[in-house]
Amino acid sequence: MDELSPALDLPDHLLILLQDQPEGCSEYELIQQLKRRHSTHIPNLSLTDKLVLFRTHFLVFNGLYLLRDRLWANASGHLQISALHVQLLPYTNVDAGLSEQDVLREYYLDLSNLKDTGEDEVERLLASFWTRMQGTDEKRAALELFELSSVQPLTLEVIKRRYRQLVGLHHPDRGGSTQRLQSINLAMEILQRYYR
């Protein structure tokens, strides 16, 4: 595989890689491609060390947000950014494009967050991430139980309406099961935490 020019900065390297993959890819795939192409902008170390993992992730996301800002300023494209899917999209003149994750953008563009984050903080960040991921699985399971995972837009009113339908169908007084009704009630409690 071709080496990336050391004269280019990380956002330029990321742009080259993303142009080669119009369907997008994950952050992990980007990191592996950067390593295979011998990019000097990220550590060429094993990602099993949590601090190396954090620093590599931070540098890639810093590069992605810098690239997104450049694309936006030149009206030449838009970058969809998440750890699971990064994709280069055509430019659209919509204000929401640049503000969709401003908090994350601010975090990753502030290099003091890279410099000041040690092993203890990385441990805390990873623990927080896994807690959120478990919550996401919980939410997804509740939406699947309610058969609402593909309904858009999803509001608390839509969820309540579906809840009443399911209670009517599965209530023990109407021939339903107590266990199923308890699952529906639990799913409603979960979804109310996410859709207030």
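1. Contact, as the word is used in this note, means heavy atoms within 4.5 Å. The model is predicted, so local features are reported only at pLDDT of at least 70 and side-chain atom pairs only at pLDDT 80 or more, whereas totals for chains, interfaces and linings use all residues. Residues are numbered from 1 along each chain as its sequence is written, and side-chain values use heavy atoms, with hydrogens and water left out.

2. Helix H1, residues 10-19, is mostly covered, with seven of its 10 residues buried; buried means under 20% relative accessible area, exposed means over 50%, and partly exposed lies in between, with a 1.4 Å probe and protein chains only. Helices (H or I, at least four residues) and strands (E, at least two) are DSSP runs numbered from the N terminus. The buried residues of H1 are Leu10, Pro11, His13, Leu14, Leu15, Leu17 and Leu18, and what covers them includes helix H2 (27-36), helix H3 (50-73), strand E1 (78-80) and strand E2 (87-89).

3. The N-terminal end of H1 is capped by aspartate 9, a side-chain oxygen of which lies 3.0 Å from the backbone nitrogen of aspartate 12. A polar contact here is a pair of N or O atoms within 3.5 Å; within protein, one atom must be able to donate a hydrogen and the other to accept it, and residues adjacent in sequence count only if both atoms are side-chain atoms.

4. Serine 39 sits in the loop between H2 and H3 and counts as buried, at 7% relative accessibility. Its side chain reaches the backbone nitrogen of histidine 41 at 3.2 Å. Leaving aside neighbours within four places in sequence, serine 39 is in contact with Leu4, Leu10, His13 and Leu34; of these residues, Leu10 and His13 are also listed among the buried residues of H1.

5. How many salt bridges does the structure hold? There are 10, a salt bridge being a side-chain nitrogen of Lys or Arg within 4 Å of a carboxyl oxygen of Asp or Glu. One of them joins the side chains of aspartate 69 and arginine 105, at 2.8 Å from N to O. Because aspartate 69 lies in helix H3 and arginine 105 in helix H5 (residues 102-109), the pair ties together parts that are 36 residues apart in sequence. Arginine 105 is partly exposed, with a relative accessible area of 23%.

6. Another salt bridge brings together the side chains of arginine 193 and glutamate 138, at 2.6 Å from N to O. This pair links distant parts of the chain, with arginine 193 in helix H9 (residues 178-194) and glutamate 138 in helix H7 (residues 119-145), 55 residues apart. Arginine 193 is partly exposed at 48% relative accessibility, and glutamate 138 is partly exposed with a relative accessible area of 30%.

7. Glutamate 147 and arginine 162 also form a salt bridge, their closest N and O atoms being 3.0 Å apart. Glutamate 147 lies in the loop between H7 and helix H8 (156-170) and arginine 162 in helix H8, so the pair ties together parts that are 15 residues apart in sequence. Glutamate 147 counts as exposed at 57% relative accessibility, whereas arginine 162 counts as buried at 16%. Elsewhere, salt bridges that share partners join Asp9, Asp12 and Arg70 into one network.

8. Threonine 155 is likewise placed in the loop between H7 and H8 and is partly exposed, with a relative accessible area of 35%. The C-alpha atoms of threonine 155 and arginine 196 are separated by 8.4 Å, although these residues are 41 residues apart along the chain.
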